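Student: I've got a structure open and want to go through how it packs. Can you take my questions as they come?
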Amino acid sequence: MTHKSYKTLTILLLIVTVIALLLAAVMLTLGRSSAAASGKPESPPEKSVTSYYTPKPSPSQENSEIEENTTGGDFLVTIYRGGIGVFQPGKSVPVLTKHTEVYLLPQEDIDLLRKGIRARDLSHAKEILEDFD
């Protein structure tokens, strides 16, 4: 092969490589946006299922009376705008959000978050959010 044919072949392969990279970038972008849009209820669901969630045991040093007095009601941890949100009862805006890309989580976790996880107080809700790191 001559120098000219090597140059032509190199340019052709370079063009094919650039097109392949552009297609891969477009497919990744479309996959992320469609996955994030598909699993995000704007308001918390009615029922709570915690079959896959195992709460951490409370330390023995805690005073159970203080914990009972500070519980102001249930919080609901669920999917919110492609991330995870913590909702108070009757509220449609979360009090806490975590910008975890939910579509990257295992399917069991996604199903659990779609149904909602109940937390007894805000600190318990924060512990649940930490489990999704």
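Student: Start with the inside. Which residues of the largest nonpolar core touch the most other members?
Tutor: This is a predicted model. Its largest nonpolar core has 16 residues, and V77, I84, L113, I117 and F132 are the ones that touch the most other members.
Student: Which elements supply at least two residues of this core?
Tutor: β1 (75–80), β2 (83–87), β4 (117–119), α3 (107–115) and α4 (122–130) each do.

Student: OK, the sheet. What's the strand order?
Tutor: β3-β2-β1-β4, four strands in an open sheet with antiparallel pairing. The edge strands are β3 (96–98) and β4, each of which pairs on one side only.
Student: How many degrees does the twist average?
Tutor: From one strand to the next, the twist averages 25 degrees.

Student: How many bridges between β1 and β2?
Tutor: Five, in the antiparallel sense.

Student: Is R81 buried or exposed?
Tutor: R81 is exposed, with a relative accessible area of 57%. The cut-off for exposed is over 50%, so R81 qualifies.

Student: How many residues of β2 are buried?
Tutor: Five of its five, so the strand is mostly covered.
Student: Which of them point which way?
Tutor: G83, G85 and F87 point one way from β2, while I84 and V86 point the other way.

Student: Which residues of α3 are buried?
Tutor: I110, L112 and L113. Seen down the axis of α3, these buried residues fall within an arc of 165 degrees, so they line one face of the helix. They pack against β1, β2 and β4.
Student: What about α4? Which strands does it lie across?
Tutor: α4 lies across β1, β2, β3 and β4, and runs at about 140 degrees to β4.

Student: What follows α3?
Tutor: G116 does, with a positive phi near 105 degrees. G116 is in the loop between α3 and β4.
Student: Buried or exposed?
Tutor: G116 is buried, with a relative accessible area of 0%.
Student: How far is G116 from V86 in space?
Tutor: The two are 9.6 Å apart, C-alpha to C-alpha, and 30 residues apart in sequence.

Student: Changing topic: how many aromatic pairs does the structure hold?
Tutor: One. It is made by Y80 and F87, with ring centres 5.6 Å apart and planes at 75 degrees, so the pair is edge-to-face.
Student: Why edge-to-face?
Tutor: Because planes over 60 degrees apart count as edge-to-face, and these are at 75 degrees.
Student: How accessible are Y80 and F87?
Tutor: Y80 has a relative accessible area of 14% and is buried. F87 is at 1% and also counts as buried.

Student: Last one, P94. Where does it lie?
Tutor: P94 is in the loop between β2 and β3. Its relative accessible area is 14%. The cut-off for buried is under 20%, so P94 counts as buried.
Student: What is P94 in contact with, leaving aside its neighbours within four places in sequence?
Tutor: Y80, G85, V86 and F87. Two of these, Y80 and F87, are the residues of the aromatic pair.
Student: And how far apart are the C-alpha atoms of P94 and I84?
Tutor: They are separated by 9.2 Å, with the residues ten apart along the chain.

Methods:
Residues numbered from 1 in each chain as written. Predicted model: local features only at pLDDT ≥ 70, side-chain atom pairs only at ≥ 80, totals over all residues. Heavy atoms only, no water. Phe/Tyr/Trp six-rings, centres within 6.5 Å; stacked < 30°, edge-to-face > 60°. Buried < 20%, exposed > 50% of the residue type's maximum accessible area, 1.4 Å probe, protein only. Core = buried A, V, L, I, M, F, W, Y, C linked by side-chain atoms within 4.5 Å. Pairing = 2+ DSSP bridges. Axes fitted to C-alpha atoms, helices over the stretch in contact; angles between N-to-C directions. Contact = heavy atoms within 4.5 Å. Arc of directions from axis to C-beta.
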